[in-house]
Every structure is written in C-alpha cells, then in structure tokens.
Amino acid sequence: MFSTFFSLLQNILLLATILASLLSTTTSTIDDIDNSDIDHSLFESNHRWRYEFDEVRWEMVERKGNQFVVGGQPFYVNGFNTYWLMVLAVDPSTRGKVTETFEHASAVGLTVGRTWAFNDGGWRALQKSPSVYDEDVFKALDFVVSEAKAHNIRLILSLTNNWQAYGGKAQYVKWGRAAGLNLTSDDDFFIDPTVKSYYKAHVKTVLNRVNTFTNITYKDDPTIFAWELINEPRCLADASGNNLQSWIEEMAFHVKSIDSKHLLEIGLEGFYGTSTPDRLQFNPNSFAGQVGTDFIRNHQTLGIDFATAHIYPDAWLSNTISDSYLQFTKSWMQSHIDDAENVLGMPVVFAEFGVSAKDKNFSVSYRDQFIDMVYKNILNSTKRGGSGAGSLLWQLFPEGTDYMDDGYAVVLTKSTSTSNVLSLQSRRIQMFNSKCSWRCHWGCRKKKSSVDGLFSQQNQL
C-alpha cells in the first residue's frame, strides 16, 4: 500500500514539474515586452499572429459586464479604421488595396477594423435612392466582409454618417425634400417620420443581406463585431439632446428587433451633455456640450452594448501640436473609462484617435508617442479588469492611396517605428487575453478581487 501511495506521489510530483515548466514559458510580463521581443519583418507573413497564443474562436463577440468576450474568454481590442474599403472594392483595379489593408493590419496583430456600410447617393453609391441599391457596390461590401474574415479581422460596420461625406443625414434629408417634405434642416433627419423610415429600411436591408461570397447573412456573421448607428452624430438644432436621444432609442430598438445577436453602439465622439453638468469640465471646449450629444445619457439607452469616444486634440484644441495634447488625452480617456465602469457598467472603445500630418510641429516620433500614450492608458485599465476595452487608430492606409489621405493616414510599410508601436500593443493585448483564458480561466467578471488575484498569481503588471 505504501508503494502504491509512493507511486501516486511520484506521479503528482511529475505532473507538477511539467505544469511548472509550461507556466515558465509564459512568464514574460506584458509590461516587460518591448520592441526587442517583436519580429520587425512585419510583412513577411500575414498569418504569423494567428494562433500564436490560442486558437482563434470565430464566434460572436458578446459583452459580459464591462468587458467583451468570445466563447466566454476575454477579447480586448487593438484595431484600426479604414472607412473607404467598400468603395475601392467596387473596382477590380483597386480591390487589391482592400486585401493589402487587411494583410498589413493582420501583420501587426490588429483584430478589429471599422468601416462604412453606407454610401448614400453620389459616386459609387450603395444606396442610390431610398431602398434602391447598386448590386455591384453591395457585392463590394460582401467582399470586404469576406476578406476581413480571411484575415481573422472582425468589423464594426457604421450605417450612416452625420457628415456630408458619403451622403449621410444630409442626403436622407435631400431625398425627403425631393419627395415633397417640408424639411428645413439636416437635423430633421432625427425627427421626421418619413426620413427615419428611409434609414430604418436601409438598416433592415444591410442586416438581412446574404453575403454573395460566403452565403452567410450579415446578421448571422461573427465577422461583424458590432453595428454602429451613425458616425459622430450631432444635433445642433436641439442642444437639449432630446431629439437625438429619442432617435437613438428608436433606432436601437429597430436594430435589435432584426438582429439580437450582434453588439450595437451609437458612434459618439464622447462629449458630455446636460445630464452630467459636473462632467462638462472634461469636454475639450464649451461648444462640445452644445451639440446635442450626451455620453452618459445616450449610452444608457436600452439596446446599446458599449460606449465609444473619439480622441482628436488637434481638431478640438489647436492644430499646433503641444504638450496640452497629451494632458488632454490622458484626462479625456480616464474620465470615460471611469464613467463606463462606474456609471454605465459597460466597455468603452476609443473608436477613433490620431494625429494629422498637417498639424504644425507634426513628426512621426510625436505620432508614435501619442499612439503609445493612448495604448498605455488602455493597458492601465486592462490590468485591473476595467472598462477600457480597446482602441481603433484613425486610419490605416496601404501604399498608393495617398489621394484619399485626410492627413491622418498611417502607411505601415513606410513607417517601421509606428508599425512597432502597433505590434507591441497587439502582443501585449493578445498575451493578456491568452493568460486570462488559459492560465487562470478568468471569466471576465467585473470583480476587482478576481483581477487582483489574477495578477498576483502571475506576479506581473
């Protein structure tokens, strides 16, 4: 009997030794990873990020408390914007640029892209008039979605624009006027029943679209991370925010009535409004509190799954780069992370951020510093299981598309230093997700004690 016990003890000790050996292979801390840990041959293969830590789970992204999860495991985001993918996919001569964009994004570990699922009227319009679509353009959007999946990248698809670019609310109002409606402002988009019915019909058409490349209906496709109601909504005609709030409530219900599987966000820039006068101090200027949006009130709408904010100190403060950019960004991000965690109880994604090459005193080194600061603020939240769920750089470009550059283009093949900053963040995020899911089987619960326990086990961060 003693020999049996001794044999059992030997086996237990052997198993413990094996486990200790396995764990020792992952003892590099997230903070300790630096550029020396990264293969700088970023474009030798667009597959090297796949399965590095864990098999990619191609399931729907869900929200659990204040974090995203896939298959019950954490999913923190490092991503990018490239809004024009559908338009370039229409023409076979430029379709390859879509593939290049995803290849470059995948090579530095980016996992989520944000792009337009609309082009209302005008050149290469998806929707030529209310509920009248160009099938070739729709097939181009199908290609974008299928190509994203081929590179293990998920998409946030925006459904219209506050701005006139690509039609947006102004085009919807033009269609209403052409139909004989008495509309006096582009902001009538948010209140006129007929115009709202045009938008609702577009939402229904896109969500029910069957992809001609994959044969998967959009509303059933895990490639789609989330729907976005409208890019950067503002309603200057109603500073109280009531008109926009009512529109958000109506459209959130409409989207969820068609597709209850996918996440939904609004598309807000993150300005605080009248519901939280004590938070107005964090806005970049006084005007920001008068554009009809309200970060807290809007995101408390039933059906909205996560919050968003954008970061543009050069557009909101001054186009001359200074230390005030970094000071503002830190304060802006922290206030939104705190409110997402303590008030909203949901994740927040900084869905656009960047610095324009047109800014006075611009340099690539400053851009790298700015991006790195945004990333570190995200990591500070990630480390404690907070609501800072990720960020999306504005914006990623392949070579040969300079004619579309708004000043914010980041061409990774031309900027090794910026590529390294992005790759480093991706590696940290991916390691964090992997360690949480594999080593600790952490369920992404919003319990600080659990998170503290996680990091004390790892002796990291």
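## The chain as a whole

Residues 24 or more positions apart supply 75% of the contacts in the protein chain that have a separation of 6 or more. This is a predicted model, and its protein chain comes to 13 helices and 13 strands. Of the 461 residues, 58% count as buried.

Gly400 and Thr94 are 306 residues apart along the chain, yet 9.8 Å separates their C-alpha atoms. Gly400 sits in the loop between β13 (388–394) and α12 (416–439), and counts as partly exposed because its relative accessibility is 47%.

## Helices α3 and α4

Start with α3 (residues 95–107) and α4 (residues 135–150), whose axes come within 10 Å and cross at roughly 30°. The two helices are therefore roughly parallel to each other, and α3 passes α4 in a right-handed crossing.

On the α3 side, the residues in contact are Arg95, Val98, Thr99 and Phe102, and they meet Phe143, Val144, Glu147 and Ala148 of α4. By class, this contact divides into five nonpolar residues, one polar and two charged.

## Helices α6 and α7

Next come α6 (residues 193–207) and α7 (residues 242–258), which pack at an angle of about 30° with their axes 10 Å apart. That angle makes α6 roughly parallel to α7. Again the crossing is right-handed as α6 passes α7.

From α6, the contact takes in Lys196, Tyr199, Lys200, Val203, Lys204 and Leu207; from α7, it takes in Trp247, Glu250, Met251, His254, Val255 and Ile258. Sorted by class, that gives seven nonpolar residues, one polar and four charged.

## Helices α10 and α11

Helix α10 (residues 323–344) has 22 residues and reaches 31 Å from its first C-alpha to its last, close to the 32 Å expected at 1.5 Å a residue. Just after α10, Gly345 takes a positive phi of about 65°. Helix α11 (residues 364–383) has 20 residues and spans 28 Å between its first and last C-alpha, close to the expected 28 Å. This helix is mostly covered, with 14 of its 20 residues buried, and just after it comes Gly385 with a positive phi of about 70°.

The axes of α10 and α11 come within 10 Å and cross at roughly 25°, and the pair is therefore roughly parallel. α10 passes α11 in a right-handed crossing. Tyr325, Leu326, Thr329, Lys330, Met333 and Ile337 are the α10 residues in the contact, and they meet Tyr366, Gln369, Phe370, Met373, Val374, Asn377, Ile378 and Ser381 in α11. The classes here are nine nonpolar, four polar and one charged; Lys330 of α10 is one of the residues in this contact.

## A buried lysine

Lys169 is worth a look. This residue is found in helix α5 (residues 168–178), and counts as buried because its relative accessible area is 7%, where the cut-off for buried is under 20%.

What surrounds Lys169? Leaving aside residues up to four places away in sequence, Lys169 touches Thr160, Asn161, Asn162, Asp186, Asp187, Phe189, Phe190 and Arg234.

Glu232 has phi near 50°, a positive value in a residue other than glycine. This glutamate is found in the loop between β9 (224–228) and α7, and is buried, with a relative accessible area of 9%.

Asn361 also has a positive phi, near 75°, and sits in the loop between β12 (348–353) and α11. Finally, a cis peptide bond joins Trp394 and Gln395, with omega about -10°. Gln395 lies in the loop between β13 and α12, where Gly400 is also placed.

Technical notes:
Residues numbered from 1 in each chain as written. Predicted model: local features only at pLDDT ≥ 70, side-chain atom pairs only at ≥ 80, totals over all residues. Heavy atoms only, no water. Axes fitted to C-alpha atoms, helices over the stretch in contact; angles between N-to-C directions. Helix = DSSP H or I, 4+ residues; strand = E, 2+ residues; numbered from the N terminus. Parallel < 35°, antiparallel > 145°, perpendicular 65-115°, else oblique. Left-handed = near helix turned anticlockwise from the far one by under 90°. Contact = heavy atoms within 4.5 Å. Nonpolar A, V, L, I, M, F, W, Y, C, P; charged D, E, K, R; others polar. Expected span 1.5 Å × (residues − 1). Buried < 20%, exposed > 50% of the residue type's maximum accessible area, 1.4 Å probe, protein only.
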